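Please work through each task before reading its solution.

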Amino acid sequence: MYRSEMTDQHPVAVANAWWRGAVVYECHLPSLRDGNGDGIGDLEGLIDSLDYLSGTLGVDAVWTGPFFRSPLLDQGFDVSDYTAVEPVFGTLETFDRLIVEAHARRIKIIVDYIPSHTSDQHPWFTDSRSSRASSKRDWYVWRDPKPDGGVPNNWTSEAGGSVWEYDAGTAQYYLHSHLKEQPDLDWRNPEVREAMFDVLRFWLGRGADGVRIDVAHMLMKDPELRDNPVAPAGGSNPFDLQHPDFGTQLHLYDRRHPDTHQVMTQIRAVVDEYPGAVTIAEIEAMPWSDWADYYGANLTGMHLPFPFRLIETAWRADLLRTELEALYTALPTGAWPIVALGNHDRTRLATRLGPAQSRVAAVLLLTLGATPCLLYGDELGMEDQPVPAERQRDYFAIATGGVSRDPTRTPFPWSNDVNAGFSPAEEARLWLPTAHNAAEINVETQLADLTSSLSLYRALIRLRSSSAALRHGDTTFTPGTSSDAVIAYERRTEDDHKAIALNLADAPAAVDLPVRGVVLLSTTGHTRDTGRTVELAPNEAVVIDVEEGGHHHEDH
Ligand code: NOJ
Ligand code: CA
């Protein structure tokens, strides 16, 4: 039994926090909805989407994606002004209106916080690179060339190649963990920290309900900048879309320095100045015990460290069950997890799993004892859409030959209208082309079809919000299920008890549960009574209302 209940040490504020029961929707601003007809999604378009998000779908929070002033080489993760809205996305006034309109619909707004690097166009960096004597010089990481003129160490960038870029004007190299247009800030410099804490205060003070912290595990590096060891062959994860250069070494010294946790605690303290605000920290796939460390001593670190291990695990019942059990074993007492099965940096769920298992994945995502984070379009079963070279946006591919993430990020299909209802602009002006199958996979079509992916997500989210066990209950995995293809678990609170069984195979499976009850929801639509042995159709996942002492909980 894995308990998520509170102990005396944990403040009630966290125990009852809104984000524990919430469903989070990751929207990708340029691709959600174009509000002004220029072909690019924007804050106005997000405001126009709120009725769909709250009313139709029923999510509780939106993670917006970056909308700050940016050259947009990395989809806005290259910020040139942290406290201004990129004009393509709107204005501060639009942001303020977004907060008002979202809150009026009980939707929380989580904004991106991108502390590890700026754009090379940020005035801090232009100042820093202008002279070795600049007062901003040590806001970034500058180093002399090696005696032979070479790079200061062997670290490789997530975007490919070295993390070092030579600046001829000042004859030193600067560090960039991603594109060369994204210089890393030096978080060991107290001035940098203070400036970046003020960025948090700016957005939380304007009404944001929390932050999603970009690459939180990368804020602190080895102060001696030691070389990374070479990676053993065959260790790379096929689900990780990093540039191949990145996987040639073990990233021991360029990230996850123990001092990172001090910074997490400091960030958390600033966020705590705004009661209720949540911190979701992006951290890479790492052992679950290391993931758990991001909660901090006595939970003074991140509220929700965002793990990648589930996204990067092959879709097999045994492997997933092992990961999930390890997650709950590692979870600190009083802590609560966030889970995602898709993300804007990875292959889409429906492309990875196919349509039938995507439905099983939906049940897993929305019935685990965790805050689900759903990537925009996954509720429709949107697939990756190859993007022709001349239309690509992702500089990780365009400039450095990495894998393009554009296929995951194509426009959200609203309807059968022109450009799938995403934008009235001329097709060639769209941020990215719409999917080839947008005529079948869109909101309007799927709303009219009770068997659609969207209808399944709506039913799951509704079931989740009406069930205390699904929102808050403990998670207990059912041991020794009779089939290797099945994952089964129970969720329960005092008055509510649900059992969930997922068949990850394209063949029938039977599973013995310690309980009996009524199938309230099935991916096949087949609701029924079940005995202790549940017969599952191929690719079927079910949520069962457990009969307690001869009664279903609703009968009490
Ligand atoms: C992680 C973000 O999710 C990704 O999209 C971005 O390219 C890198 N961080 C750099 O900010
Ligand atoms: Ca627009």
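Contact here means heavy atoms within 4.5 Å. The model is predicted: local features need pLDDT of at least 70 and side-chain atom pairs count only at pLDDT 80 or more, while totals for chains, interfaces and linings use all residues. Residues are numbered from 1 along each chain as its sequence is written, chains are lettered from A and ligands numbered from 1 in the order in which they are written, and side-chain values use heavy atoms, with hydrogens and water left out.

**Exercise 1.** Locate Pro66 and determine which residues it touches, not counting residues up to four places away in sequence.

*Solution.* Step 1: Pro66 sits in the loop between strand E2 (61–63) and strand E3 (68–69); strands are DSSP runs of at least two residues (E), helices of at least four (H or I), numbered from the N terminus. Step 2: with a relative accessible area of 3%, Pro66 is buried; buried means under 20%, exposed over 50% and partly exposed in between, using a 1.4 Å probe and protein chains only. Step 3: beyond the excluded neighbours, Pro66 touches Leu29, Gln75, Gly76, Phe77, Phe89, Asp112 and Ile114. Step 4: the C-alpha atoms of Pro66 and Val111 are 7.1 Å apart, although 45 residues separate the two in sequence.

**Exercise 2.** Identify the closest residues around ligand 1, and state how much of the ligand the protein buries.

*Solution.* Step 1: 13 residues surround ligand 1 (a heavy atom within 4 Å). Step 2: the closest are Asp74, Asp214, His344, Asp345 and Arg405. Step 3: an N or O atom in the side chain of Asp345 is 2.5 Å from an oxygen atom of ligand 1. Step 4: polar side-chain atoms also lie 3.0 Å from a ligand 1 oxygen for His117 and 3.2 Å from a ligand 1 oxygen for Arg212. Step 5: taken alone, ligand 1 exposes 300 Å², of which the protein buries 98%; these areas come from the Shrake-Rupley method with a 1.4 Å probe.

Definitions and conventions: A polar contact is a pair of N or O atoms within 3.5 Å; within protein, one must be able to donate a hydrogen and the other to accept it, and residues adjacent in sequence count only if both atoms are side-chain atoms.
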